[in-house]
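This report describes the fold, the strand pairing, the charged contacts and the aromatic contacts of one protein. The sequence and the structure are shown first.

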Amino acid sequence: IHIENENKKEKESTSEEEKNGWVDEIAEHPELISPGGSTFRAFEFAPGSVSPMHRTISLDYGIVAKGTIVLEMEDGSRVTLTEGDTVVQRGGMHCWRNETSEWGRMYFVGLGAHPVKVNGQELKEEWREAK
């Protein structure tokens, strides 16, 4: 299957059926947030897991659907979130932690946004290992 975009350029399909198995969409499309639109993602957090410390150029809505997840900010401040809790953030360095023995699930909607400026400097997207 070939798909044509508005510029009439052909793009190869990466469907699971065509590749004879599961496709890791994040590995194939490393951009986490669509700069000119919205992105919906569901993340499963294994017991004891920690995401990288990161910042995206977006306005993000996160909803805990299952379990207990800790939101940790770069300065070390932490908020424990449980099922039904919602977080809205823009431009803050943070990571997600599942400090329980149960799986957790969060849904995220990310909207492309202008970069945050602090003291006249634009904050860029950033990823690093959480401590």
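How many salt bridges does the structure hold? The structure, which is a predicted model, holds 8 salt bridges.

**Overall fold**

The protein contains 1 helix and 13 strands. Along the sequence these elements follow the pattern β-β-α-β-β-β-β-β-β-β-β-β-β-β. Of the 131 residues in the protein, 28% are buried.

**The open sheet**

An open sheet is formed by 4 strands in the order β3-β10-β5-β8, with antiparallel pairing. Its edge strands are β3 (38-45) and β8 (86-90), each of which pairs on one side only. Neighbouring strands of this sheet are turned against each other by 20 degrees on average, direction ignored. Within the sheet, β5 and β10 run antiparallel and are joined by 8 bridges. In this pairing L59 stands opposite L111 in β10. Strands of a sheet pair through backbone hydrogen bonds, either parallel or antiparallel.

**Strand β6 and its partners**

Strand β6 (residues 68-73) pairs with strand β7 (residues 78-82) in the antiparallel sense over 5 bridges. I69 stands opposite L81 in β7. The two strands, β6 and β7, form a hairpin with 4 residues between them. In the turn, G76 has a positive phi of about 95 degrees. Strand β6 also runs antiparallel to strand β9 (residues 94-97), to which 4 bridges join it. Here L71 stands opposite W96 in β9.

**Salt bridges**

| Salt bridge | N to O distance |
|---|---|
| E72 and R97 | 2.7 Å |
| R78 and E99 | 2.7 Å |
| E126 and R128 | 2.5 Å |

The salt bridge of E72 with R97 has its closest N and O atoms 2.7 Å apart. E72 lies in strand β6 and R97 in strand β9, so this pair ties together parts that are 25 residues apart in sequence. Are the two partners buried or exposed? E72 is buried because its relative accessible area is 12%, and R97 is buried because its value is 10%; the cut-off for buried is under 20%.

The side chains of R78 and E99 also meet in a salt bridge. R78 lies in strand β7 and E99 in the loop between β9 and β10, so the pair ties together parts that are 21 residues apart in sequence. R78 is partly exposed, with a relative accessible area of 42%, and E99 is partly exposed as well, at 49%.

E126 and R128 meet in a salt bridge through their side chains. E126 has a relative accessible area of 28% and is partly exposed; R128, at 32%, is also partly exposed. R55, E74, E126 and R128 are linked in a network of salt bridges.

E129 lies in the segment after β13 (126-128). This residue is exposed, with a relative accessible area of 73%. The C-alpha atoms of E129 and S51 are separated by 8.0 Å, although the two residues are 78 residues apart along the chain.

**Aromatic pairs and the nonpolar patch**

The count of aromatic pairs comes to 3. Why is the pair of F40 and Y107 described as stacked? The ring centres of F40 and Y107 are 5.8 Å apart and the planes lie at 25 degrees, so the pair is stacked; the cut-off for stacked is under 30 degrees. The pair links distant parts of the chain, with F40 in strand β3 and Y107 in strand β10, 67 residues apart. F40 is exposed, with a relative accessible area of 56%, whereas Y107 is partly exposed at 32%. Ring pairs also link F43, W96 and F108 into a cluster.

Which residues make the nonpolar surface patch? The patch, of about 570 Å², is made by F40, Y61, I63, V88, Y107, V109 and L111. β5 (58-66) and β10 (104-112) each supply at least two of its residues. The largest share, 3 residues, comes from β10. V109 lies in strand β10 and counts as partly exposed, at 30% relative accessibility.

Key:
Residues are numbered from 1 along each chain as its sequence is written. This is a predicted model: local features need pLDDT of at least 70, side-chain atom pairs count only at pLDDT 80 or more; totals for chains, interfaces and linings use all residues. Side-chain values use heavy atoms; hydrogens and water are left out. Patches are made of residues with over 30% relative accessible area and no salt bridge: like charges are joined within 9 Å, nonpolar side chains (Val, Leu, Ile, Met, Phe, Trp, Tyr) within 5 Å. Accessible areas come from the Shrake-Rupley method with a 1.4 Å probe; for residues, only the protein chains shown count as cover. A salt bridge is a side-chain nitrogen of Lys or Arg within 4 Å of a carboxyl oxygen of Asp or Glu. Buried means under 20% relative accessible area, exposed over 50%, partly exposed in between (1.4 Å probe, protein chains only). Two strands pair if DSSP finds at least two bridges between them. Axes are lines fitted to C-alpha atoms, for helices over the stretch in contact, and angles run from 0 to 180 degrees between N-to-C directions. Rings of Phe, Tyr and Trp (its six-membered ring) pair if their centres lie within 6.5 Å; planes under 30 degrees apart count as stacked, over 60 as edge-to-face and the rest as tilted.
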